[in-house]
Amino acid sequence: MGEQARKISVPEFRSAAGTDRRLTMLTAYDFLWAGLFDQAGVDSILVGDSLSMVVQGHSTTLPVTMKQMIYHGEIVARAVQRALVVVDMPFMSYQVSPEQAVRNAGRLIKKTGADAVKLEGGAIQSETIRVIGRADIPVMAHIGMRPQAVRQLGGMGRIQRNVQQLLDDARAAEDAGAFAIILELVPEEAAKLITESLGIPTIGIGAGKHCTGQVLVGPDMLGLNPNFRPRFLKQFGELRAQADKAVRDYVAEVRSGDFPGPEHTHR
Ligand code: KIV
C-alpha cells in the first residue's frame, strides 16, 4: 500500500484531539462518491442516517432501517481504502436497551466492514456507549441538535444553547468510551469550550471553527441540493446545475439527431 492508501485507524483519528491536525469528514452513501471522497483525501466517511432524507427523500431521519444502513454501509466500506468508515445506528436500533444496541452495533460492523458506529446522545446514552465499547466496537457520539429527536425538539435545525448541558453530555460520552464526538448546531463558544475540555476529537457541523474537525453532508457541499442552504453550509461545488445542463444537452441532442455522432458509432 502507498502512503495515500494507508488506512486511518480509530486510535489515529482519536489522537488528533489537542493537536493542530484538522480532521475532515463527509457523508457518502454509495460506491462512486465514497471512492471519490476517499481518493480526494477525506479522513473519515460517515454513512449517515441522513440517507433517509438525502437518498430516500423522507422529511426526517426516522424511517431508515438497519437493513438499509447495512446495505449502504457495505457498499461504502468496499469503496474506501484510507478513510475511517463510520456507520450511523438508525432510530430505534439502540434506544430500547444496551443489549439491543450492542447486538445492532455488532451487526453493522460485521455486515458492512465499517470501522465504527455512531449514535445520538451524550449522558442519556452513556451506558449504551459503554456496553458497545466493551464489545470492542468503537463508538462516535453525536450531541447538540440530534435529528433523531426531531419530534421532541419540535423541528430540525434547533440550536442547543445550554452550554453546561452540552459540556456534561460531551464529558459523559468521553467517560463512557466514545472515541470522538459530533457537535451539531452548537454555538461556537460552547464548541470551543468542549473541544478544549475533552481528550477526544470534536467534529463540528454548524459549530464553528474551534472543533478538531468538520463534517458536511456530501451531496449538500457539492451543491447537489441547492434549495437546502442553512447558514453553516458552504457549497464547494455547483453539481446540480452542471448535471441539469448535461441532461438537457443530452435530451436536445438526441431529439435533434446530433447524438450519437459518427465518433460514437460502431461500423
Ligand atoms: O446523518 C448524518 O448525516 C449526520 C451528520 C449530519 C453528522 O449525522
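**Close-up 1. The buried pair D88 and K118.** In this predicted model, D88 and K118 are both buried, and the two residues form a salt bridge in which the closest N and O atoms are 2.9 Å apart. Because D88 lies in strand 3 (residues 84–88) and K118 lies in strand 4, the pair ties together parts that are 30 residues apart in sequence.

**Close-up 2. The salt bridge between K7 and D115.** The side chains of K7 and D115 meet in a salt bridge, with 2.9 Å from N to O. K7 is found in the segment before helix 1 (10–14), while D115 belongs to the loop between helix 5 (98–112) and strand 4 (116–120), so this contact ties together parts that are 108 residues apart in sequence. K7 counts as partly exposed, at 30% relative accessibility, and D115 likewise counts as partly exposed, at 22% relative accessibility.

Close-up 3. The closest N and O atoms of K245 and D249 are 2.6 Å apart, and the two residues form a salt bridge. Both belong to helix 11 (residues 239–256), where, being four residues apart, they are separated by about one helical turn. K245 is exposed, with a relative accessible area of 52%, whereas D249, at 33% relative accessibility, counts as partly exposed.

Definitions and conventions. Residues are numbered from 1 along each chain as its sequence is written. This is a predicted model: local features need pLDDT of at least 70, side-chain atom pairs count only at pLDDT 80 or more; totals for chains, interfaces and linings use all residues. Side-chain values use heavy atoms; hydrogens and water are left out. A salt bridge is a side-chain nitrogen of Lys or Arg within 4 Å of a carboxyl oxygen of Asp or Glu. Helices (H or I, at least four residues) and strands (E, at least two) are DSSP runs, numbered from the N terminus. Buried means under 20% relative accessible area, exposed over 50%, partly exposed in between (1.4 Å probe, protein chains only).
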